[in-house]
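Welcome, and please take a moment to look over the sequence and the model below.

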Amino acid sequence: SLKRSTSNIASDEYAWFAAAESQAYSSLAIFDVDRFKLINDHHGHPVGDAVLRWVAARLVASIGSCGLVGRLGGEEFGVLFDMPNFLAEQIARRAVESFFLAPFTLEGGPQLAVRVSAGFAHCPVGSAVGRDVVALAYEEADRALYEAKAAGRGRLVTRLLPAA
């Protein structure tokens with residue numbers, strides 16, 4: 001199972017990748033805020049920063065203790081799962097769907113519909129822990145994320161990896 005201190009959020013992208021490379025896990029997901037540049041351009045960077053904090057909190061609430069959430073940079077977040085793949089995929093899908101349930105509320109009342117797209121990849125079956133395994137799963141999840149964006153955003157796409 002994933003090693004966590006007091007929460008299920010990695011302190012930074014290096015901690016998330018270090019956790020991924022140091023222990024076995026079943027799958028990973030990459031979440032990206034849809035059209036984030038427009039949020040910054042239309043509402044300013046302070047609102048963009050508040051949106052990122054809100055997205056992180058919503059992901060942590062949606063994932064719960066089922067995975068390790070980390071910000072990978074910009075508007076991208078990663079989740080490592082250490083459970084059966086079908087359950088991890090369901091949780092990742094529900095996390096994406098949770099953004100349709102309630103908008104982000106700006107100070108003063110206006111609301112923004114913030115959505116995320118996600119790519120999900122199972123780790124190679126029978127693979128050892130290490131940088132190569134993480135790189136392969138991350139690459140596949142990243143490809144799936146681009147497919148989710150191309151298919152209209154606000155969705156999760158899964159890529160299956162071959163056995164090692």
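Predicted model: local features only at pLDDT ≥ 70, side-chain atom pairs only at ≥ 80, totals over all residues.

Residues are numbered from 1 along each chain as its sequence is written, and side-chain values use heavy atoms, with hydrogens and water left out.

Let us begin with the rings. The structure holds three aromatic pairs; rings of Phe, Tyr and Trp (its six-membered ring) pair if their centres lie within 6.5 Å, and planes under 30 degrees apart count as stacked, over 60 as edge-to-face and the rest as tilted. In one of them, the ring centres of Trp54 and Phe104 are 5.6 Å apart and the planes stand at 70°, so this pair is edge-to-face. Trp54 belongs to helix α3 (residues 45-63) and Phe104 to strand β4 (residues 104-105), so the pair ties together parts that are 50 residues apart in sequence. Helices (H or I, at least four residues) and strands (E, at least two) are DSSP runs, numbered from the N terminus. Both Trp54 and Phe104 are buried, where buried means under 20% relative accessible area, exposed over 50%, and partly exposed in between (1.4 Å probe, protein chains only).

Another pair joins Phe81 and Phe120, with ring centres 6.1 Å apart and planes at 50°, so it is tilted. Phe81 sits in strand β3 (residues 76-81) and Phe120 in strand β6 (residues 116-122), so this pair links parts that are 39 residues apart in sequence. Phe81 is buried, with a relative accessible area of 0%, and Phe120 is buried with a value of 0%.

Returning to Trp54 and Phe104, we find that they form one aromatic cluster with Phe99. The charged end of Arg58 sits over the ring of Phe99, 5.6 Å from its centre; for this, NZ of Lys or CZ of Arg must be within 6 Å of the ring centre and within 35 degrees of the ring normal.

Now turn to helix α2 (residues 36-43), whose buried residues are Phe36, Ile39 and Asn40. Seen down the helix axis, they fall within an arc of 95°, so they line one face of α2; the arc is that of the directions from the helix axis to the C-beta atoms. The face turned away from this buried side carries the exposed residues Lys37 and His42. After α2 comes Gly44, whose phi is positive, near 95°.

Arg143 forms one with Glu140, the closest N and O atoms being 2.4 Å apart. These two residues both lie in helix α5 (residues 131-150), three residues apart, about one turn of the helix. Glu140 counts as buried at 8% relative accessibility, whereas Arg143 counts as partly exposed at 37%.

Glu140 also meets Arg159 in a salt bridge (2.9 Å, N to O). Arg159 lies in strand β7 (residues 156-159) and Glu140 in helix α5, so the pair ties together parts that are 19 residues apart in sequence. Arg159 and Glu147 meet in a salt bridge too (2.5 Å, N to O). Through shared partners, salt bridges join Glu139, Glu140, Arg143, Glu147 and Arg159 into one network.

Terms used: Salt bridge = Lys/Arg side-chain N within 4 Å of Asp/Glu carboxyl O.
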